[in-house]
Amino acid sequence: MPNSFYIFLLWLFSASTLEAQERLEIVATIPDLGYFVSTIGGEHVKVQVLVPPGNDPHSILPKASLLLKLSRADGLILMGLDYEHAFLPPLLEKTRKVSIRPGGVGYMNVGERIVPLEIPGSLDRSQGADLHPRGNPHYNLDPENGRIMALAAYDLLVALAPERKPEFEKRFLAWDAEAKRRIVKWKTWMEPLRGKPIVTYHRSWSYFVERYGLNVVAEVEAKPGLAPSAKHLLKVKKIIREQKVEMLLMEPWYNEQRLRSLVDDGVKVVKLATTSGLRESEEEYLDYIEYLILQMRDAYALPVPSPPEEGVRKPS
Amino acid sequence: MHTPFSKLALGAAVLLILSTSSTLLAQEGQLSDPTDALEGRMLESTFPGHMGRGGSGFTSRFDASFNPAIGLIFDGLGTFSEEAGEGVDQFDLRSVELNMASRIDPLGWAYIVAAFEGDEFELEEAVIMMDQLPANMTLRVGKMLADFGKWNTIHLHDKNYVFEDGVRTAFFGGNLNATGVELHQWTGIGNLPIRWSLGVHSDFGGEGDFASEIIGNRGLEELGFTGRVTTQQDYGANGFLQYGFSFFHTSEGLAYLRDSDADGITDEEFGLGQTTFALDFTLRDVDASDNTANTLSLELWRNQRDSLDAADNIISSDANGIWGFYQHDFNPFWGAGVQLAWWQDPLNTTGSDWFTSAESGGQRAAFVTHNLSEFNRIRMQLSQDHNVLEDPTWTLAFQWDVILGSHSHSLDW
């Protein structure tokens, strides 16, 4: 074998080692978590996100490249509550890196810090396909939980690089102050919508709905993870008419075509991913939540509060 | 033939396994899985009424703690065919598969797959996986689906089509099932993940006439060896391209029937060899932004197999085979695809023309799959099978698979 091949391998090894020495490599399962880690860690972290923005986490493939990323990571931050059921357990099973497995110094399961909603009292598969025995995992849609997520990211970084605690703390506190400011503002913005009826496609929006007192009167999926039947769609249509629902909230990966009959009744279908990062204006978690709130107000013909945050688009 | 070398090699392998196990046991303190404590905490926090595990760590005879995960898979099949024979023009429960898996200790886990097919019971797999060896190595010991090609380790009911590909059936009699030891390792060169495996097996074979389950001593010549190296490259945001190379070799491990001692009774003896190589290519692209997916898989096989001629002399035949399938998923609930295969008769010494000869077989099929849920799937397939030296026949098949109990996703590569 030519010497150049060995030199090439040596170069690859040394290049990756040097980079690892410079920055902490953190794997975040969703864009929101990646955002918190990069915001708090700054130039001291390199973040890899496993679920691309706007992608259905149920459809993420547990690929060998993800295994490689995990095996080289210093830390792993995840949603937990079985959010990553489709891809993370088989990867964690294969990786031998004890530090990023449960109990390891680099393992942060944020779901353990959340008070989960909708823990099923009983569990069997007649209730649907997409069941979460530990509770609804979409807690990132409540901005108060966003603060818990940011704190978890901070704790992970401090655990991995305690010498940088002052820097991380400074960034975390700055972000948290901004988050608190916006949360107060959003509460005012959402107040007129309290009690308003909405329809959701999947049971992803429970935390947002709980925070702002919205009223989910129907779900397009009769049972989580299963396609709606024509009979169930008729039932949803009836509810929309009777309760004068003006907004149907759905993730971009669901098929809109079957909802045409509902749209005919005047309901506005708002397609939004359940994490930040899909649109340029939603790259940051706080902007994503703000965009979501503006969309809600727009659906109910409420004017755009002025001034909107810089960088946040008005709903189209 | 049992050479001193082969016995030495086997002895060395056993010693290696034992020494590795004892080294790992010595490290048990370091490797003890911290998940138990974490899991207990999680249960307390999320299930307020849950009592959790007893502090002593002991269980009673009737305690469900530490029990293996259990799953059952019903594979029902209705076939309507031009071809007369057993199992056609009727509905049948093709198999009921029982799966059980559990960790043994921090060093490894084990699983069994047992299938009930009609009145027959078959232990398809019974494997101990030592998955905490150093350097990302894993040792599989027991009866297993051998690591050969992309699809050999997948049970038929889990594949994208109803019937096994004709190449595998012609050259191995179905999935290559083997009893022995396989060493696996994965690593990465730069950003390229690579996995390899090497296996040594004493019993091997699928269904049909490819089998080596003679009870008795074996030497190196009668053992079967498998190997595979594969790599995956990312394709798009959520897809991959996978390439692999696999081999199977036995020098004299296949049996044949011969009245060797001229007593009028045919005896089964070792003595025939087979060498099979396969190149595999798979593209899997799942667009998680709209839940559509495409899967394309191709395998090219080269087979060399011994057989007996009319005078009971051992002769060798070369044969090629190629098979593949493509499936498009319109959404998580509906998919459709085609399956194609072509192969030369593995026992034909004269050779045959590619794709046209009567001494080659072919298979083409189109299928539609409807997933009622992740645990309930129906499939319809129309296929034309052209076995060697037979006329083509059409078959319409309906398959219904349901999964009960434990279920998980896996990283297969």
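This is a predicted model: local features need pLDDT of at least 70, side-chain atom pairs count only at pLDDT 80 or more; totals for chains, interfaces and linings use all residues.

Biologist: How many residues of chain B are in contact with chain A, and how many of chain A with chain B?

Modeller: On the chain B side there are 45 residues in contact, and they meet 42 residues of chain A. Together the two chains bury about 3800 Å², with 58% of that area on carbon and sulfur atoms.

Biologist: Which three residues supply more than any other three of the area that chain B buries against chain A?

Modeller: Those are B:W186, B:H409 and B:L411, which supply 17% of the area buried by chain B against chain A.

Biologist: And how many salt bridges are found across the interface of chain B and chain A?

Modeller: The rule finds one salt bridge there, and it is formed by the side chains of B:D234 and A:K63, with an N to O distance of 3.2 Å.

Biologist: Why can side chains like that pair?

Modeller: Side chains of opposite charge can pair when their charged atoms come close. In this case the cut-off is 4 Å between a Lys or Arg side-chain nitrogen and an Asp or Glu carboxyl oxygen, and the 3.2 Å of B:D234 and A:K63 is the value to hold against it.

Biologist: How many residue pairs are in polar contact across the interface?

Modeller: There are 15 residue pairs in polar contact between chain B and chain A, counting pairs in which both residues have pLDDT 80 or more. On the side of chain B that touches chain A, the largest share, five residues, comes from helix α3 (residues 35–46) of chain B. By class, that side of chain B has 21 nonpolar, 19 polar and five charged residues.

Biologist: Changing topic to chain A: what is the order of the strands in the sheet with β5?

Modeller: That open sheet has four strands in the order β6-β5-β7-β8 (chain A), and the pairing is parallel. Its edge strands are β6 (215–219) and β8 (268–271) of chain A, each of which pairs on one side only, and the twist averages 30 degrees from one strand to the next.

Biologist: How many bridges join β7 to β8 in chain A?

Modeller: Four bridges join β7 (residues 247–250) of chain A to β8(A), and in that pairing A:L249 has A:V270 as its bridge partner.

Biologist: Which helices lie across that sheet?

Modeller: Helix α8 (residues 230–243) of chain A lies across β5 (197–200) and β6 of chain A, running at about 150 degrees to β6(A). Helix α10 (residues 285–299) of chain A lies across β5, β7 and β8 of chain A, at about 155 degrees to β7(A).

Biologist: And the sheet with β1 of chain A, what is its order?

Modeller: It is an open sheet of four strands in the order β2-β1-β3-β4 (chain A), with parallel pairing. The edge strands here are β2 (45–49) and β4 (107–109) of chain A, each pairing on one side only, while the twist averages 20 degrees from one strand to the next. Strand β3 (residues 75–78) of chain A is joined to β4(A) by three bridges, and A:I77 stands opposite A:M108. Helix α2 (residues 31–41) of chain A lies across β1 (24–28), β2 and β3 of chain A, at about 175 degrees to β2(A).

Biologist: Now chain B: do β5 and β6 run parallel or antiparallel?

Modeller: They run antiparallel, with nine bridges joining β5 (residues 137–145) of chain B to β6 (residues 177–189) of chain B, and B:M137 has B:Q185 as its bridge partner in β6(B). A further pairing, also antiparallel, joins β6(B) to β7 (residues 192–204) of chain B over 12 bridges, with B:G180 opposite B:H201.

Biologist: Which residue in the turn between β6(B) and β7(B) has a positive phi?

Modeller: That is B:G190, with a phi of about 60 degrees, in a hairpin that has two residues between β6(B) and β7(B).

Biologist: Last one: what do β2(B) and β3(B) form?

Modeller: They form a hairpin with two residues between them, and nine bridges join β2(B) to β3 (residues 108–117) of chain B in the antiparallel sense. B:A101 stands opposite B:Y111 in that pairing.

Note on methods. Residues are numbered from 1 along each chain as its sequence is written. Chains are lettered from A and ligands numbered from 1 in the order in which they are written. Side-chain values use heavy atoms; hydrogens and water are left out. Contact means heavy atoms within 4.5 Å. Buried area is the accessible area (1.4 Å probe) that two parts lose on being put together, summed over both. A polar contact is a pair of N or O atoms within 3.5 Å; within protein, one must be able to donate a hydrogen and the other to accept it, and residues adjacent in sequence count only if both atoms are side-chain atoms. Ala, Val, Leu, Ile, Met, Phe, Trp, Tyr, Cys and Pro count as nonpolar, Asp, Glu, Lys and Arg as charged, and the others, Gly among them, as polar. Two strands pair if DSSP finds at least two bridges between them. Axes are lines fitted to C-alpha atoms, for helices over the stretch in contact, and angles run from 0 to 180 degrees between N-to-C directions.
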